[in-house]
Amino acid sequence: MKFHVNLVKTVDDSYDIEIGSNLLNNLKEYLTESLQQQKRNIAIITDSNVHTIYGKNFEKIVKEAAIQAAAGENAVKVNTVVFPAGEKSKTRKIKEYIEDKLIEWGYRRDTLIIAHGGGVVTDMAGFVAGTFARGVPFINYATTLLAAADASVGGKTAVDTEAATNLIGLIYQPKKVFIDTATWKTLEQRDVSGGLAETIKHACMADKEFFGYLEENIEKVFDMDSQVCKHIAEKNCEIKYNVVMIDEKEQGLREILNLGHTVGRAIETVSDYTLYHGEAVSIGIMAQIKLGRKFGYCTQDDVNRVESLLEKAKLPVKIPQEIDKEALVKKLYTDKKVRGGKLRFVFQKGIGQMVQFAPGTNAANAVYSNFVSEDTARSIISEL
Ligand SMILES: NC(=O)c1ccc[n+]([C@@H]2O[C@H](COP(=O)([O-])OP(=O)(O)OC[C@H]3O[C@@H](n4cnc5c(N)ncnc54)[C@H](O)[C@@H]3O)[C@@H](O)[C@H]2O)c1
Ligand SMILES: [Zn+2]
């Protein structure tokens, strides 16, 4: 006998992203309302740095929402789990540690997770939420420019392993995202620059006008000009959203988000993570635009504009001397775009567009990456 399990699903994974400066009151309002609709014990997941600076006040706000929502009855539980800051914590071990804490506190299906921090925290907390009790809702309260620029849109959650970063994870969408640009004030300059690398990538890829805006205003980000920070957060979300929504399942278009990441990711690994992701991507952006110049996809003026914008963002544009360039060439083969043992790159076309190599049958599955020989890749790397 055979059963056919009919499971055609229509899923509504829509959510809102709220962007602004000082959003704790908005979070409180949102939580109060959602707890009134459905009681859930709350687990705040954060890292040691964010916890030291903001943790106490954040938990206080969440507790106030829990009390307000309870209206005299028993308020739901609110607990915070803190793990050591940094990419090195994005592991299965730390995930297990967090899960054990939740279990110890008696949390079950009726849990709401709040990620409070940068991309490491949102990736980790999203993954915990996606698997805890087979999936509980989660909210992101993002505190880095990189989380705003990249990690908060798209629903990718994961942890790293020795073999590769982000290898174990799932696509799991948050219920709500808050991007609080006021928290960027306490970021280290290297983290601000790292977020700007992804921002410049977005502009190179999709928005010439935004590129011009960055040329005019990027320095104001370091002064934490709230209008500029807000505009940058909004533009990043809009550009990434427009790609991810068309190609949620990574059929083709989504590959354009990989701009600068072919060489970038390889440098990040070969440097043994002494270069931050965004710093490595900055050099990777230079690699693809210089290659693109060779192939005739852009002009020398485009190359110069991109280089000077990256420099304004206090990002490196050359490969640090201590990096073994031959090791870097070898590392390129671990890139996820490699097919049949051949390297592939995506390229910007001038500024604000991408080179399309073959049209698709729909907007999602056109081809944006093309083969590049090892020798050509090596020659660009030797120039950088
Ligand atoms: N899911 C996605 O689509 C996606 C996209 C891009 C990146 N990521 C992931 O995001 C991670 C990188 O993100 P990140 O740069 O935000 O890393 P992060 O979370 O490690 O934050 C960087 C540093 O800043 C500290 N920090 C965070 N907020 C702060 C604040 N407001 N003030 C002071 N210090 C603060 C953190 O403790 C950490 O030391 C990587 O793990 C990457 O894989 C995910
Ligand atoms: Zn990136």
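Colleague: Which strands does helix 3 lie across, and at about what angle does helix 3 run to strand 3?

Modeller: This is a predicted model, in which local features need pLDDT of at least 70, side-chain atom pairs count only at pLDDT 80 or more, and totals for chains, interfaces and linings use all residues. Residues are numbered from 1 along each chain as its sequence is written, while chains are lettered from A and ligands numbered from 1 in the order in which they are written. Helix 3 (residues 92-104) lies across strand 2, strand 3 and strand 4, where helices (H or I, at least four residues) and strands (E, at least two) are DSSP runs, numbered from the N terminus, and contact means C-beta atoms, placed from the backbone, within 7 Å. Axes are lines fitted to C-alpha atoms, for helices over the stretch in contact, and angles run from 0 to 180 degrees between N-to-C directions; helix 3 runs to strand 3 at about 160°.

Colleague: At about what angle does helix 4 run to strand 4?

Modeller: Helix 4 lies across strand 2, strand 4 and strand 5 (138-142). Its angle to strand 4 is about 170°.

Colleague: What is the strand order of the open sheet?

Modeller: The sheet has 6 strands with parallel pairing; two strands pair if DSSP finds at least two bridges between them. Strand 1 and strand 3 (78-83) are the edges, each pairing on one side only. Neighbouring strands are turned by 15° on average, direction ignored. The order is 1-8-5-4-2-3.

Colleague: Which residue of strand 4 is the bridge partner of Thr46?

Modeller: Strand 2 (residues 41-47) and strand 4 (residues 111-117) pair in the parallel sense over 6 bridges. The partner of Thr46 in strand 4 is His116.

Colleague: Which residues come nearest to ligand 1?

Modeller: The shell has 28 residues, each with its C-beta atom, placed from the backbone, within 6 Å. Helix 2 (48-70), helix 4 (119-131), helix 5 (145-151) and helix 6 (189-206) each give two or more residues. Nearest are Asn49, Ala85, Gly118, Gly119 and Thr144.

Colleague: Which element supplies the largest share of the side of domain 1 that touches domain 2?

Modeller: The domain assignment, automatic or from a database, gives domain 1 (16-186) and domain 2 (189-383). Their contact takes 17 residues from domain 1 and 20 residues from domain 2. On the domain 1 side, strand 1 (16-20) and helix 5 each supply at least two residues. The largest share, 5 residues, comes from helix 5.

Colleague: What distance separates the domain centres?

Modeller: The centres of domain 1 and domain 2 are taken over C-alpha atoms. They are separated by 29 Å.

Terms used
Contact = placed C-beta atoms within 7 Å.
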